[in-house]
Amino acid sequence: MALIVQKYGGTSVGNPERIKNVAKRVAKFQAEGHQVVVVVSAMSGETNRLIALAKDISATPDPRELDVVISTGEQVTIGLLCMALKEAGVEARSYTGAQVRILTDSSFTKARILDIDGENMRRDLDAGSVVVVAGFQGVDEQGNITTLGRGGSDTTGVALAAALKADECQIYTDVDGVYTTDPRIVPEARKLDTITFEEMLEMASLGSKVLQIRSVEFAGKYKVKLRVLSSFEDGGEGTLITVEEDKNMEQPIISGIAFNRDEAKITVQGVPDKPGIAYQILGPVADANIDVDMIIQNVSHDGTTDFSFTVNRPDYDKAIKVLEQVKAHTGAREVNGDRTMAKVSIVGVGMRSHPGVASRMFRTLAEEGINIQMISTSEIKISVVIDEKYLELAVRVLHRAFGLDQAPA
Ligand code: ADP
Ligand code: ASP
Ligand code: MG
């Protein structure tokens, strides 16, 4: 007998038929003698609908109240799934995050899990019940409802698996595993049987939303066996996220391509090139709670330099406003930018032992006439910022250039 945590995403519980289908799958696992904890997302589109509702009332909704609103989607699905399980003859009990007591900090809309009380769940499991938990939500020390950030149900699933020392955490979604890149953009993308935690972390942080990055961090930290599978197909093995690279196997140079459309670039031109200037520019940006990603400072001419960086597109207007003030007191010449940028990244642990990966990437993009505006590298990834209109082309040509459409020998 195994204890399994299964997480079903929004599309997988998108309508009553699909919820019944999930109930059937869960019932089958239980009939095989396993204990099952199920984590569900809100029905697809529901969280977006709730956010839009809140924005209709207030352009900048109060974060505590926003969490009260957007956590409701998951409460609906846990109740519906338990009803479906009971209809299928399976004992089941639903829990909100607060009812489990998934304790988080108080950072509304991006709370972090601090502790999980496993007692109620264990009691129900031992009594032969399936336990159904609302993803994406928790409760803080004061009893306030919190949410874990978009895609946060993945993290609920992994965190419950860690807390209950489950044998496996299965993330069921609308694709049958982790692919070399988003299969919706590149039809030739291939499903990976395994991917290392390190690579999955990069893929998630660079824009592949198949797993929320925190869920991967959690699984790595607590050694949770994590697998991504399809909720629509039967019998597949999905993709296993592995701790160790297979030392016996020749690593592919590149394992996957991630991308993010939501980038914007800002340039502060003609700033005096002297100590403290980066701090004077980026300090106020950080104080305004704006995340900065890539940063480039050019060599100076005549004692002044240009300073460029990227931010998330929704933060662009706010950042420009902050920088207009910075301009005034640093004596910078101009602030300008472009909100239609995208970032494309190639990821692979095999890069460590293969030189020439960057030049192949740059040549491939050059051959398509795609201008690279910024570059950043680490040991296992290379990211470039390009005009958004070339994004899909860039992903497709890089996918081909690195042989990702071909099965490894
Ligand atoms: P869920 O609602 O189940 O949480 P998500 O929409 O959050 O599902 O994540 C699944 C989606 O992630 C897929 O439909 C796919 O379009 C996208 N995706 C992006 N990159 C990848 C990748 N490398 N492999 C698989 N899916 C990916
Ligand atoms: N419902 C939440 C969202 O749409 C959480 C999730 O689906 O993982 O972001
Ligand atoms: Mg998701």
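Which residues are around ligand 2? Select Ser41, Ala42, Thr47, Glu74, Phe136, Arg150, Gly151, Gly152 and Ser153; a residue is counted here if one of its heavy atoms lies within 4 Å of the ligand.

Before going on, note that this is a predicted model, in which local features need pLDDT of at least 70 and side-chain atom pairs count only at pLDDT 80 or more, while totals for chains, interfaces and linings use all residues. Residues are numbered from 1 along each chain as its sequence is written, chains are lettered from A and ligands numbered from 1 in the order in which they are written, and side-chain values use heavy atoms, with hydrogens and water left out.

**Ligand 2: polar contacts**

Select Glu74: an N or O atom in its side chain is 2.7 Å from a nitrogen atom of ligand 2. At Gly151, a polar backbone atom is 2.9 Å from an oxygen atom of the ligand. At Ser41, an N or O atom of the side chain is 3.1 Å from an oxygen atom of ligand 2.

**Ligand 1**

Move to ligand 1, which has 17 residues around it; Thr173, Asp174, Tyr179, Asp182 and Arg184 come nearest. Next select Lys7, where a polar side-chain atom lies 3.0 Å from an oxygen atom of ligand 1. Gly10 has a backbone N or O atom 3.2 Å from an oxygen atom of this ligand. At Lys209, the distance from a side-chain N or O atom to an oxygen atom of ligand 1 is 3.4 Å.

Two packed helices are described by the angle between their axes and the distance between the axes. Axes are lines fitted to C-alpha atoms, for helices over the stretch in contact, and angles run from 0 to 180 degrees between N-to-C directions. Helices are DSSP runs (H or I, at least four residues), numbered from the N terminus.

Select helix H1 (residues 16–31) and helix H4 (residues 72–87): their axes are 9 Å apart, at an angle of about 60°. H1 is therefore oblique to H4; angles under 35 degrees count as roughly parallel, over 145 as roughly antiparallel, 65 to 115 as roughly perpendicular and the rest as oblique. Now show the side chains in the contact (heavy atoms within 4.5 Å): Ile19, Lys20, Val22, Ala23, Val26 and Ala27 of H1, with Thr77, Leu80, Leu81, Ala84 and Leu85 of H4.

**Helices H8 and H9**

Next, select helix H8 (residues 197–205) and helix H9 (residues 213–222), whose axes come within 8 Å and cross at roughly 160°. H8 is therefore roughly antiparallel to H9. Phe197, Met200, Leu201, Ala204 and Ser205 of H8 make the contact with Ile213, Val216, Glu217, Ala219 and Gly220 of H9.

**Helices H10 and H11**

Finish with helix H10 (residues 277–287) and helix H11 (residues 316–330), whose axes come within 9 Å and cross at roughly 150°. H10 and H11 are therefore roughly antiparallel to each other. To see the contact, select Ile277, Gln280, Ile281, Pro284 and Val285 of H10 and Val322, Leu323, Val326 and Thr330 of H11.

Methods. Helices (H or I, at least four residues) and strands (E, at least two) are DSSP runs, numbered from the N terminus. A polar contact is a pair of N or O atoms within 3.5 Å; within protein, one must be able to donate a hydrogen and the other to accept it, and residues adjacent in sequence count only if both atoms are side-chain atoms.
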